[in-house]
Amino acid sequence: MSSIADHLRAVRARMERAALACGRDPAHVSLLAVSKTFPPEAVREAYRAGQRAFGESYVQEAVEKLAGLEDLRADTEWHFIGPLQSNKARHVAAHFDWVHSIDRLKIAQRLSDLRPAGAADLQLCIQVNIDAQPTKSGVAPDEALELALAIQGLPRLRLRGLMCIPAPQQDPVRQREVFARLADLMHELNRAGLRLDTLSMGMSDDLEAAVAAGASIVRVGTAIFGARQ
Ligand SMILES: *Cc1c(COP(=O)(O)O)cnc(C)c1O
């Protein structure tokens, strides 16, 4: 049976191939290992294989897991990527380095208010419902600019970019078209005066298309840790 270290090597190789295939520098794409539902020991195994950035989707689970990983905390980076309610914002502001799932101003304001004074700025991405899925969270593309401008003024936060979770899609050409829309939107926002440098897009099944469309962070769970229950 292959180990988490083997899986990580394979995922990094996929990322590198995808970057080289489209003339991108592989160093410009980073890997977020999505450890949700997996125990602290799985994180440690990934850590021993050189992985430093981890993603979590459930606040309660993440807070408990992090309590068991205190010794690694200073040398790891934690990204909150799940749906975020305001009553959980305090934990996220206290424990995470990044939040990818900002979809309304109220949440950003809460995070700004609750970010501990001594901590580094919380790095944020706005989640965009890029393919207009009826049940998905994220702002509509044409709402992103207004939200970005409002967030920009908030203390203790740094708006870094955009994130999307498109509907699963088999055709790599179609996958890439959807991701390219998020990249276009970031460029449009930058032309309007923002300074965004991060596209959080691509998961286990579509990371090649995301890298081809300009992803700077791919969020990969299953291909590293295995299938979730
Ligand atoms: C779970 C999750 C992932 C990882 O998905 P895989 O298909 O397991 O790679 C990526 N992004 C978000 C927002 C997730 O919730």
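A pocket, as the word is used here, is an open set of grid points with protein on both sides within 12 Å along at least five of seven lines, and its lining residues have an atom within 4 Å of a point. In this predicted model, the largest pocket is lined by 25 residues, and those nearest its centre are Lys 36, Lys 136, Ile 165, Met 203 and Arg 228. The space in the largest pocket comes to about 660 Å³. Its lining is made up of nine nonpolar, ten polar and six charged residues.

The largest pocket is where the ligand sits. Around the ligand are Val 34, Lys 36, Ser 57, Ile 81, Ile 165, Met 203, Ser 204, Arg 219, Val 220, Gly 221, Thr 222 and Arg 228. Sorted by class, this shell contains five nonpolar, four polar and three charged residues. Lys 36, Ile 165, Met 203 and Arg 228 surround the ligand and are also listed among the residues nearest the pocket centre.

Thr 222 places a polar side-chain atom 2.5 Å from an oxygen atom of the ligand. For Lys 36, the distance from a polar side-chain atom to a ligand oxygen atom is 2.6 Å. In Ser 57, an N or O atom of the side chain is 3.4 Å from an oxygen atom of the ligand. The ligand taken alone exposes 390 Å², and the protein buries 89% of that area.

The structure has one cavity of 30 Å³ or more, and the largest cavity holds about 40 Å³ of space. Its lining consists of Gln 127, Val 128, Asn 129, Ile 130, Asp 131, Gln 133, Lys 136, Ser 137, Cys 164, Ile 165 and Pro 166. By class these lining residues are five nonpolar, four polar and two charged. Lys 136 and Ile 165 line this cavity and are also named among the residues nearest the centre of the largest pocket.

How values were computed:
Residues are numbered from 1 along each chain as its sequence is written. This is a predicted model: local features need pLDDT of at least 70, side-chain atom pairs count only at pLDDT 80 or more; totals for chains, interfaces and linings use all residues. Side-chain values use heavy atoms; hydrogens and water are left out. A residue is near a molecule or strand if one of its heavy atoms lies within 4 Å of it. A polar contact is a pair of N or O atoms within 3.5 Å; within protein, one must be able to donate a hydrogen and the other to accept it, and residues adjacent in sequence count only if both atoms are side-chain atoms. Accessible areas come from the Shrake-Rupley method with a 1.4 Å probe; for residues, only the protein chains shown count as cover. On a 1 Å grid over the protein atoms alone, a cavity is a set of points where a 1.4 Å probe fits but cannot get out, and a pocket is an open set with protein on both sides within 12 Å along at least five of seven lines; lining residues have an atom within 4 Å of a point. A molecule sits in a cavity or pocket if more than half of its atoms lie within 2 Å of its grid points. Ala, Val, Leu, Ile, Met, Phe, Trp, Tyr, Cys and Pro count as nonpolar, Asp, Glu, Lys and Arg as charged, and the others, Gly among them, as polar. Grid points are joined across faces, edges and corners, and a volume is the space filled by probe spheres set on the points.
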